[in-house]
Amino acid sequence: MSKTRTRSVPHPTEQPAHGATVLELRGEVDLARVPSLSARLDTLTAHGQPDLILDLRRVSFIDCAGLGMLCRARNRTLARQGRLRLVSDSGRFLRVLRHAGLSGIFEVHPHLPEEPTLTTATG
């Protein structure tokens with residue numbers, strides 16, 4: 001009899017803040033999680049001029065599917081004259097972007113923008 005292990009997948013937390021939506025991702029952003037995350041990002045970038053901040057500081061791993069998801073979110077945001085910012089203080093993540101040829105296309109910050117009303121939800 002084989003035992004099937006399922007891993008607990010942390011749900012992204014989302015909080016509107018000062019005109020922007022902050023989406024905090026945690027854990028692994030990989031092929032298994034990308035479909036549900038992409039669906040959420042598609043909803044967030046569907047209308048108007050989306051202002052989206054993806055907080056990736058608690059992401060422990062991202063694969064090529066995750067990078068593709070980020071590119072799709074960027075393209076959808078720009079097509080609607082919006083703004084996408086990534087928050088990551090990980091040198092490893094920045095190296096992944098550089099090696100994938102994506103380092104110059106994303107607006108990356110080491111911490112959340114310092115606006116007095118900008119807060120994030122945690123979960």
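Helices and strands here are DSSP runs, numbered from the N terminus. In this predicted model, the protein has 3 helices and 5 strands, and their order along the sequence is β-β-α-β-α-β-α-β. Of the 123 residues in the protein, 38% are buried.

- Among contacts between residues at least 6 apart in sequence, 69% link residues at least 24 apart.
- The protein has an accessible surface of about 7,300 Å², and carbon and sulfur atoms account for 53% of that surface.

**Nonpolar cores**

- In soluble globular proteins, nonpolar side chains tend to be buried together.
- The largest nonpolar core holds 23 residues, and the members that touch the most others are L54, M69, L70, L86 and F106.
- Two or more residues of this core come from each of β2 (20-29), α1 (34-44), β3 (51-62), α2 (64-79), β4 (83-87) and α3 (91-99).
- With 6 residues, α2 gives the largest share of this core.
- Beyond its neighbours within four places in sequence, L54 contacts L23, L41, L70, L84, R85, L86 and V87.

**Packing of α1 against α2**

- Two packed helices are described by the angle between their axes and the distance between the axes.
- For α1 and α2, the axes come within 10 Å and cross at roughly 10°.
- Angles under 35 degrees count as roughly parallel, so α1 and α2 are roughly parallel to each other.
- On the α1 side, the contact is made by V34, L37, S38, L41 and D42; on the α2 side, it is made by A65, G66, M69, R72, A73 and R76.
- Sorted by class, the residues of this contact are 6 nonpolar, 2 polar and 3 charged.
- M69, one of the α2 residues that meet α1, is also among the residues with the most contacts to other members of the largest core.

**Backbone at Q81**

- Most residues other than glycine have a negative phi.
- Q81 is not a glycine, yet its phi is positive, at about 55°.
- Q81 lies in the loop between α2 and β4.
- The relative accessible area of Q81 is 57%; exposed means over 50%, so Q81 is exposed.

Definitions and conventions. Residues are numbered from 1 along each chain as its sequence is written. This is a predicted model: local features need pLDDT of at least 70, side-chain atom pairs count only at pLDDT 80 or more; totals for chains, interfaces and linings use all residues. Side-chain values use heavy atoms; hydrogens and water are left out. A nonpolar core is a set of buried Ala, Val, Leu, Ile, Met, Phe, Trp, Tyr and Cys residues joined through side-chain atoms within 4.5 Å. Buried means under 20% relative accessible area, exposed over 50%, partly exposed in between (1.4 Å probe, protein chains only). Helices (H or I, at least four residues) and strands (E, at least two) are DSSP runs, numbered from the N terminus. Contact means heavy atoms within 4.5 Å. Accessible areas come from the Shrake-Rupley method with a 1.4 Å probe; for residues, only the protein chains shown count as cover. Axes are lines fitted to C-alpha atoms, for helices over the stretch in contact, and angles run from 0 to 180 degrees between N-to-C directions. Angles under 35 degrees count as roughly parallel, over 145 as roughly antiparallel, 65 to 115 as roughly perpendicular and the rest as oblique. Ala, Val, Leu, Ile, Met, Phe, Trp, Tyr, Cys and Pro count as nonpolar, Asp, Glu, Lys and Arg as charged, and the others, Gly among them, as polar.
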